[in-house]
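Let's take a walk through a protein model and look at how charged side chains pair up. Have the structure open and follow along.

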Amino acid sequence: MDQEQRTYSRVAARLKALARRCDSPDGPQLFRTAPRRDGSSLAARLSASTLPEGLVEFLVEMDAKLDQILAGQRQDLLRQDFPLDLDVLEVSGAGVRFSSAEPLVEGQPMEVVIVLTQFPLRLASALGRVRGEEDGLHRFEFTYIREHDLESIVQFVFQEQREEIRNRKWG
């Protein structure tokens with residue numbers, strides 16, 4: 001009996017992604033995300049200083065807003081390097097299912113940048129291959145993904161599952 005075995009959970013989603021065709025599904029990646037930075041480390045450092053509490057809160061908020069402005073500018077630049085628009089309908093740590101107006105062929109190596117959240121902007125990038133099409137949807141299997149990008153996707157999936165459970169319980 002042939003059974004599918006999954007390493008990662010998957011969830012339905014409505015996410016945007018950008019992609020580019022590339023020569024190899026194994027690297028190098030054009031897009032590089034930095035490990036997620038938590039503002040609490042800045043807050044902890046500032047709190048340990050002799051600055052007034054109100055000033056510390058202001059500086060932490062200002063830092064977060066500057067991050068958002070820079071992220072928005074970066075997203076505009078992404079479109080130049082990643083010309084393909086994708087609508088992601090399912091996501092997991094192993095890959096995504098998506099639709100695209102562009103024709104894609106089985107085995108096409110691509111690099112994908114997924115917009116996990118708009119505010120705060122959270123992106124995850126992976127290399128992989130297009131794997132088939134059914135019902136007008138393509139599958140994209142990750143062949144190379146950095147650990148912090150994988151962690152961002154897994155956290156997104158987990159949060160979506162929690163919200164789905166809450167909605168079923170209280171809805």
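What follows is a tour of some salt bridges.

First, some ground rules: this is a predicted model, where local features need pLDDT of at least 70, side-chain atom pairs count only at pLDDT 80 or more, and totals for chains, interfaces and linings use all residues. Residues are numbered from 1 along each chain as its sequence is written, and side-chain values use heavy atoms, with hydrogens and water left out.

A salt bridge here means a side-chain nitrogen of Lys or Arg within 4 Å of a carboxyl oxygen of Asp or Glu. Searching the whole structure turns up eight of them.

Start with Arg20 and Glu111, whose closest N and O atoms are 2.9 Å apart. This pair ties together distant parts of the chain, with Arg20 in strand S1 and Glu111 in strand S4 (residues 109-117), 91 residues apart. Strands are DSSP runs (E, at least two residues), numbered from the N terminus. Arg20 is buried at 17% relative accessible area, and Glu111 is buried too, at 0%. Buried means under 20%, exposed over 50%, and partly exposed in between (1.4 Å probe, protein chains only).

Now find Glu90, which bridges to Arg10 with the closest N and O atoms 3.8 Å apart. Glu90 sits in strand S2 (residues 84-92) and Arg10 in strand S1 (residues 10-21), 80 residues apart. Arg10 is partly exposed, at 40%. Arg10, Glu90 and Arg97 are linked in a salt-bridge network.

Last stop: Glu106 and Arg131 meet in a salt bridge (3.9 Å, N to O). Here Glu106 is exposed at 52%, while Arg131 is partly exposed at 26%.

Key. Helix = DSSP H or I, 4+ residues; strand = E, 2+ residues; numbered from the N terminus.
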